[in-house]
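Reader: Could you walk me through this model, one question at a time?

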Amino acid sequence: MAQFIDYYQTLGVSKDADDKTIKKAFRKLARKYHPDVNPGDQDAEQKFKAINEANAVLSDPEKRKKYDKYGKDWEHADAFEAAEKRGGGEYTGGNPFGGGQGYTYTTGDSGDFSDFFRDMFGGGGFSGGFGGQRRTSFRGQDIEAELQLQLADIMSDNKQLLTVNGKQLRVTIPAGVEDGQTLRLRGQGGPGAGGGPAGDLYITFRVGLPPEYDRTGSDLTKTVEVPVTTMILGGKITVTTPTGNVAVPVPELSQNDKKIRLKGKGLPKYKQSGNGDLYLTLKAKLPQRLTAEERTALEQLRDLQNQNS
């Protein structure tokens with residue numbers, strides 16, 4: 001005698017799962033255990049058949065209704081229904097999910113279904129496309145990968161040869177790409193099954209900038225230390241930018257946290273022309289020690305300021 005099969009357990013869903021949840025679970029498992037993905041694996045083949053059978057019942061409203069109603073007492077379903085028609089009352093059986101999993105599958109005219117399925121629903125009543133009646137195809141799995149980039153890698157369009165899932169791919173990295181941004185490559189993911197299309201490859205970029213930079217889009221900010229005498233008297237300082245060194249004029253009497261904008265010295269604008277800006281924040285750099293002459297000059301400056309205050 002064929003034993004009861006818990007179709008909900010087979011698909012890993014709850015008894016109150018909706019159609020969308022059942023379909024999602026079925027496609028995920030069917031893709032995993034499809035014979036094209038597991039050639040020669042008998043265990044995967046049996047699981048694939050079990051998954052197909054569970055979906056055949058739970059995705060069909062009438063079959064699911066009968067299965068939910070009679071459960072482990074499915075063998076007496078016809079008798080119960082006949083009794084109901086004669087006025088014998090409605091079936092009020094117990095928990096439909098008791099029993100074991102000792103079922104077998106038979107390949108033949110009725111398809112690859114267990115004895116339980118054929119006894120409950122009839123041998124030829126299902127035309128859902130399995131067991132040789134119609135081949136079902138599945139889209140391949142999407143693949144996610146990360147690519148580490150440095151500042152120099154994003155200053156211009158950059159071509160790199162990547163190896164993903166055993167395949168070599170030449171990828172163009174757009175200038176100005178941001179950290180966490182994802183590039184989608186259609187059809188470069190896992191292979192499809194049953195003639196289905198390949199999945200997609202999603203590459204997430206991880207951009208590591210030098211620690212002195214903070215980024216907002218294509219703009220950068222950077223703090224630079226300036227000798228206190230240059231902050232007071234004015235002058236020029238040399239600043240390193242992503243595009244090279246730049247001589248920057250510092251106005252006299254510049255205060256701490258003064259901002260200076262270097263137009264076009266930021267990062268490339270993503271898929272646009274031109275660069276963003278680099279914003280400098282000036283910080284006065286105090287000397288670690290003073291010579292006698294420096295101390296004398298500073299004391300004279302202090303005295304002059306006190307006289308003028």
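Reader: In strand 7, which residue is the bridge partner of R184?

Author: Happy to start there! This is a predicted model, where local features need pLDDT of at least 70 and side-chain atom pairs count only at pLDDT 80 or more, while totals for chains, interfaces and linings use all residues. Residues are numbered from 1 along each chain as its sequence is written, and side-chain values use heavy atoms, leaving out hydrogens and water. Strands are DSSP runs of E with at least two residues, numbered from the N terminus. In strand 7, R184 has as its bridge partner Y202.

Reader: How many bridges join strand 6 to strand 7?

Author: Two strands pair if DSSP finds at least two bridges between them. Strand 6 and strand 7 (residues 201–208) run antiparallel, and the number of bridges joining them is 4.

Reader: What is the order of the open sheet of 3 strands?

Author: Its pairing is mixed. Strand 3 (143–150) and strand 6 (182–185) are the edge strands, each pairing on one side only. The order is therefore written with these two at the ends: 3-7-6.

Reader: What is the mean pLDDT of the protein?

Author: pLDDT is the predictor's confidence in each residue, from 0 to 100. Residues 88–111 stay under 50, yet 78% of the protein's residues reach 70 or more. The mean is 81.

Conventions: Contact = heavy atoms within 4.5 Å.
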